[in-house]
Amino acid sequence: MQPLLNIDVPDLAHAERFYCDAFGLRPGRRLGGQALELLGAAVPIYLLEQLTDSQAAGPAGSVNGRRGYQRHWMPMHCDLVVDDLEQALARAIAAGAQAEGDIRDEAWGRIVQMADACGHGWCLLS
């Protein structure tokens, strides 16, 4: 089984710049005009352009919501393990991320939470 990560974004070109600049990823395959494979992480990351306010998927029979890209909470988020937490955070902020608190020391290592340029939650870990 090969995992991969799909991330909905409102503007593919803007998201490509952010993820490449913030995390050092590089473009792979372009899959039509609304999807881009990013390489350089442990798993492929696919940016999927989904317009703001477009219909979001949900379980059969549920009332589906609309996509919004303001900062939002989700029960699953992305973590990146980095060698230099301060440097990685500075790079992400320079690319358009928003830090959400200070770097914290935990029993297992260090962490900082942030939001990417599309409102998705990310944690940098070292």
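Visitor: What share of the contacts between residues at least 6 apart in sequence join residues at least 24 apart?
Guide: In this predicted model, the share is 48%. A contact here needs heavy atoms within 4.5 Å.

Visitor: What makes the radius of gyration of the chain agree with a compact globule?
Guide: For 126 residues, the globule rule gives a value near 14 Å, and the chain has 15 Å, which agrees. The C-alpha atoms fill a box of roughly 45 × 30 × 30 Å along the principal axes.

Visitor: Why is the pair Arg67 and Asp8 called a salt bridge?
Guide: The closest N and O atoms are 2.9 Å apart. The cut-off is 4 Å, so the pair qualifies. Arg67 sits in the loop between strands S4 and S5 and Asp8 in strand S1, so parts 59 residues apart in sequence are tied together.

Visitor: Why does Arg67 count as buried?
Guide: Its relative accessibility is 16%. Buried means under 20%, so Arg67 passes. Asp8 has 25% and is therefore partly exposed.

Visitor: What makes Arg110 and Glu86 a salt bridge?
Guide: Their closest N and O atoms are 2.5 Å apart, and the limit is 4 Å. Arg110 is in strand S8 and Glu86 in helix H2, so the pair links parts 24 residues apart in sequence. Shared partners join Glu86, Asp105 and Arg110 into one network.

Visitor: Why are Arg110 and Glu86 called partly exposed?
Guide: Arg110 has 25% relative accessibility and Glu86 has 41%.

Visitor: How many salt bridges does the whole structure hold?
Guide: The search finds seven.

Technical notes: Residues numbered from 1 in each chain as written. Predicted model: local features only at pLDDT ≥ 70, side-chain atom pairs only at ≥ 80, totals over all residues. Heavy atoms only, no water. Rg over C-alpha atoms; globule rule 2.2 N^0.38 Å. Salt bridge = Lys/Arg side-chain N within 4 Å of Asp/Glu carboxyl O. Helix = DSSP H or I, 4+ residues; strand = E, 2+ residues; numbered from the N terminus. Buried < 20%, exposed > 50% of the residue type's maximum accessible area, 1.4 Å probe, protein only.
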